[in-house]
Amino acid sequence: MKTALAPDLRAFMSAALRRQGVVGAIAPSSPSLARALTAVVPTSGTPVVVELGPGTGSISEAIRERLSPGARHLSVEIEPDLVTHLRRTKPWMETIHGDAADLGALLARAGADRVDAIVSTLPWSLFPGRRQERILGEVSRALAPTGAFTTVTYLHALPLAGARALRRRLRAAFDEVLTTGPVWRNLPPGMAYVCRRPVAGV
């Protein structure tokens, strides 16, 4: 197991040290957090699932375990070295090099005209308000009316202005916002926001 994890950990630490404003966590997400975030991923049919900020792919593996044959799994990663890592280590996933703020255009180019679930580990508390709004607007427009969006927040970041702003924007963008957790078996401990029924016009 240590041998399998080493390349992921090296890729993660390299990206985190070079781009601290892009990689918000201090370690890859744990299996416990992955289960909380991916609970909205359909386990039957042929859904389209999008992952934002997959990093080294710890959440990607949990998504893959839930998907049935014929489902489509796309991930959007902004860090070039992580894109290369994901394409090499997880060829079953469609890894797109791009910015989540351009999600609609990226999905259009990929031929994804509907999205059933979006799972995100983006570092929201590091984003200025305008960037948060833009990404959430893209997410809301990309989701099918019955789709669901999950994202992570870390306990230590809850008091920060960026985290408080995110909660307000989630409630404005979705009719239902639930909080699950905390997940203590993660570094740092985190919680998942589960959002449904995107509000039209956001």
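How many bridges join E1 to E4, and do these strands run parallel or antiparallel? Four bridges join E1 to E4, and the two strands run parallel. The model is a predicted one, in which local features need pLDDT of at least 70 and side-chain atom pairs count only at pLDDT 80 or more, while totals for chains, interfaces and linings use all residues. Residues are numbered from 1 along each chain as its sequence is written, and side-chain values use heavy atoms, with hydrogens and water left out. The element names follow DSSP runs, numbered from the N terminus: helices are H or I runs of at least four residues, and strands are E runs of at least two.

E1 and E4 belong to an open sheet of seven strands with mixed pairing, in the order E3-E2-E1-E4-E5-E7-E6. Two strands count as paired if DSSP finds at least two bridges between them. Strands of a sheet pair through backbone hydrogen bonds, either parallel or antiparallel. At the edges stand strand E3 (94-97) and strand E6 (174-183); each has a single partner strand, so one side of each lacks a neighbour in the sheet. From one strand to the next, the twist averages 20°.

Individual bridges can be followed through the sheet. Leu52 has Ser120 of E4 as its bridge partner. Phe149 in turn has Cys195 of E7 as a bridge partner. Strand E5 (residues 143-154) and strand E7 (residues 190-198) run antiparallel and are joined by seven bridges. E4 is mostly covered, with six of its six residues buried, where buried means under 20% relative accessible area, exposed means over 50%, and partly exposed lies in between (1.4 Å probe, protein chains only).

Helix H2 (residues 31-38) touches strand E4 (115-120), E5, E6 and E7, and its direction makes about 155° with that of E5. Helix H3 (residues 58-66) lies across strand E1 (48-52), strand E2 (72-77) and E4, running at about 170° to E1. Such angles run from 0 to 180 degrees between N-to-C directions, and axes are lines fitted to C-alpha atoms, for helices over the stretch in contact.

H2 and H3 also pack on each other, at an angle of about 55° and with their axes 9 Å apart. H2 is therefore oblique to H3; angles under 35 degrees count as roughly parallel, over 145 as roughly antiparallel, 65 to 115 as roughly perpendicular, and the rest as oblique. Ala34, Leu37 and Thr38 of H2 meet Ser58, Ile59, Ala62, Ile63 and Arg66 of H3, contact being heavy atoms within 4.5 Å.

On the H6 side the contact involves Gly129, Gln132, Glu133, Leu136 and Ser140, and on the H7 side Gly162, Ala165, Leu166, Arg169, Leu170 and Ala173.

Finally, Ala105 is found in helix H5 (residues 103-109). At 39% relative accessibility, Ala105 counts as partly exposed. Ala105 and Ala142 are 37 residues apart in sequence, and their C-alpha atoms are 9.9 Å apart in space.
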